[in-house]
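User: I have a model open and want to go through its packing. Can you take me through it?

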Amino acid sequence: MGIEEKLPAGVMLTTVEKVVGYARKSSVWPATFGLACCAIELMATGGPRHDLGRFGMERASNTPRQADLMIVAGRVSQKMAPVLRQIYDQMSNPKWVISMGVCASSGGMFNNYAIVQGVDHVVPVDIYLPGCPPRPEMLMDAIVKLHDRIQNMKLGVNREAQVTELEQARLRRLPLIESLRPVSEDSGPVWQQEPSHEAVQQSEPNPQRRHP
C-alpha cells in the first residue's frame, strides 16, 4: 500500500542508481585474459551449453577500450603481469575483475619466483573464484554475484559513503583464529599470539634425555 497504488497503469517508480545499475549489469563486456587451463573452462562457458548470451555477455571484446570486465583465467607470470596491468588500465570505467581459478587467486601449486602469488598484487579483484579448474557453472555463479554487486552499486557521494562504510566494517571484523583476537575490548586491539610448535618443543625438557 504505497504511492504505486495511486498511480495509473504504465508508470514506474525507481531511482537513477537502480536504472544505471540495471543497465550496467545487463551489458557487461568481458575482456578475456586466458593464460592457462582455466581458459578452456572459460571458453566452454561461452558455448551453447551454458550460453553467456543470456546475460548479455556473448561479446568478448578484442580491445580493452570496449570492455569493462577482465576475467583472469590461469596463472600470471612475472613477465605477463605488466601486460595484464596495461590492459586493465586501458579498460573503460567502471571496470571489474574476476580472478578465475586458484592459480590466478593465490598462485596455486606454482609457489616459485616466476609466478605472481595472486593477481590482486597487480590489479584489484572483485570476485575470487576457487577451483582447479573451476567448472563453467562456478564461473556463471561468480558472474551472477558480480551482477548483484553492480546492481547495488551507489553513485557519487553515496558511493564514497558506501566505500567508507565497507572499509570500517572490514576493520572491525575479528580474526578467525582465536589466538589473534583482542585480549580485551576496553584496552583496544592488543593482539596475542600463541607460541609456535617449535618454540614449545624447545622450552619443554626432553624426558628421553638422560643427565649424567
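This is a predicted model: local features need pLDDT of at least 70, side-chain atom pairs count only at pLDDT 80 or more; totals for chains, interfaces and linings use all residues.

User: Which residues have the most contacts inside the largest nonpolar core?
Analyst: Leu69, Ile71, Ile98, Met100, Leu139 and Leu146, in a core of 20 residues. A nonpolar core here is a set of buried Ala, Val, Leu, Ile, Met, Phe, Trp, Tyr and Cys residues joined through side-chain atoms within 4.5 Å. Buried means under 20% relative accessible area, exposed over 50%, and partly exposed in between, with a 1.4 Å probe and protein chains only.

User: Which elements each supply at least two residues of this core?
Analyst: α2 (38-45), β2 (69-73), β3 (96-100), β4 (127-129) and α5 (136-151). The largest share, five residues, comes from α5. Helices (H or I, at least four residues) and strands (E, at least two) are DSSP runs, numbered from the N terminus.

User: Switching to α3. Which of its residues are buried?
Analyst: Ala81, Leu84 and Tyr88. Down the axis of α3 they fall within an arc of 65° (taken from the directions from the helix axis to the C-beta atoms), so they line one face of the helix.

User: What do they pack against?
Analyst: The buried residues of α3 pack against β1 (30-34), β2 and β3.

User: And Pro82, buried or exposed?
Analyst: Pro82 counts as exposed because its relative accessibility is 52%. Pro82 is in α3, residues 81-90.

Terms used: Residues are numbered from 1 along each chain as its sequence is written. Side-chain values use heavy atoms; hydrogens and water are left out. Contact means heavy atoms within 4.5 Å.
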